[in-house]
Amino acid sequence: MKLFSRITHITKNLAQASQLYLLSGISTLLILFGGDITYGTIYYVATTGNDSNPGTFNHPWRNPQKCASAPIQAGDTCVVRKGTYTADNGSGVTVYASKHAPQGTKLQPITIKSDVPRGAAIIVPSSKNGLNAGFYLTRPYYIIEGFDISGGANNGNVMSLAGIEFTSSATGGIARSNFIHHIGKTVCSDSSYGISGIGIHETADVLVENNQIYSIGRLRNAENGCRTIRAQNDHGIYIKATSNTIVRRNVIFDTNRGWPIHVYKPNGTTTNLEIYHNTFSGRSPTGKPNGHILLAKTINGANIANNISSEAQTGMIIAYSLSAFRVVVSHNLSDTLEKTGPAVAGVTFFSNIEHSTNLGFANKSQHDFRLTAESAAINRGTTTGVPPVKDQAPDIGAFEFCEPDSTSPLTNSLGLGQDDKFCLHSRKTSY
């Protein structure tokens, strides 16, 4: 009876909400995992709503925090309508899935999504010392999708800022198709705790895909009058002693107060890490840091393939105090070197393209990293260790090039406009 009543509730709202279902690769009504069909209730948040409302289409909640509390349960979707949202209760977190929050399952995740890409803006609070975050997840199987996430202005010496944080209990979390940017850009601080677009800490099975992460990190020393000793503590994605983490199809630029991807955990091990089909761009005018992916401490199993590195200081990969086992770096394209420094035991480099003079971006100055027909990335990727694509040879980078198709305009899910000459890989892929 409970399932029947939930299906009835969905049917009643279907006519009003059907246009929302076309905006995501994961349907808000039917989620397909290996043929299983999962039914869930759809709830709504709007700036005109009230948290005492039932969260229905016509009577939405006011704050997205309601998306991580009862009556939400496994399999449900919470749609956040266009507007700006932040925490005003001093908690420092706009959406906090605490240990008392509902949890999803592998077949019934809890989805929190913007109704249209970038329509719902999440502002990272600046209200407390310690961590301030847009989303702080301590429960398993949450999907965060389609948000514009920015902010964070705490100058304290023990501050930490993040767009999305997956903690040790956030198994199976997904960050998909978000724009995470300008986190801590006005901060002048000596805090050693750092700023991140996305943090993944001591958890498992997290997927980060199709996001744009840019302009992350505090002011540099002497920038806008700031005085600080910190030069490389702030990162695009911070990976800390995780297992089975996948980072794919992301564009990360202007994250040079640290590394686009930082893998580090003293006295901890990162296992089975996959970083493929991403595009990194930009270097610090100070020369620090000197690369795009930092591999540090203990890593047991990693596949780093089909990525583009543009304007790293000296090389794409940097190893620091690294104890590595079964780490493979292959089929990446760089306009500098594949790595900085000497060879590292346990890390195998092969078939990487170095010192390329033709990365072939559509418009790099406008941060449009789609590929043109002249790009050296086309058909140069590997199919080993990455999901298959419809063509035989994948392109390197976050985007797959395809010829113009005048019959059907493409709306780019990363928000870069409509142009069928430069196609997203998702148009030609099976994943």
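Q: What should I know about the model before we start?
A: It is a predicted model, in which local features need pLDDT of at least 70 and side-chain atom pairs count only at pLDDT 80 or more, while totals for chains, interfaces and linings use all residues. Residues are numbered from 1 along each chain as its sequence is written, and side-chain values use heavy atoms, with hydrogens and water left out.

Q: Where does Ala120 lie?
A: Ala120 lies in strand S8, residues 120–124; strands here are DSSP runs of E with at least two residues, numbered from the N terminus.

Q: And is Ala120 buried or exposed?
A: Ala120 counts as buried because its relative accessibility is 0%, where buried means under 20% relative accessible area and exposed over 50%, with partly exposed in between (1.4 Å probe, protein chains only).

Q: Which residues does Ala120 touch?
A: Leaving out residues up to four places away in sequence, Ala120 touches Val80, Arg81, Lys82, Gly83, Tyr85, Ser114, Phe147 and Asp148, a contact being heavy atoms within 4.5 Å.

Q: What sheet is S8 part of?
A: S8 belongs to an open sheet of nine strands, with parallel pairing and the order S5-S8-S11-S14-S17-S20-S23-S25-S27; two strands pair if DSSP finds at least two bridges between them. Strand S5 (83–85) and strand S27 (333–334) are the edge strands, each pairing on one side only.

Q: How many bridges join S5 and S8?
A: There are three bridges, in the parallel sense, and Tyr85 has Ile122 in S8 as its bridge partner.

Q: New topic: which residues are the most connected in the largest nonpolar core?
A: Ile164, Ile198, Ile237 and Ile261 have the most contacts inside this core of 60 residues. A nonpolar core is a set of buried Ala, Val, Leu, Ile, Met, Phe, Trp, Tyr and Cys residues joined through side-chain atoms within 4.5 Å.

Q: Which strand gives the most to this core?
A: Strand S26, residues 315–330, gives the most, with six residues. Apart from this core lies another, of 17 residues, among them Phe253, Leu359, Phe361 and Ile396.

Q: What does Ile198 touch?
A: Not counting residues up to four places away in sequence, the residues that Ile198 touches include Ile164, Phe166, Val208, Ile237 and Tyr238.

Methods: Helices (H or I, at least four residues) and strands (E, at least two) are DSSP runs, numbered from the N terminus.
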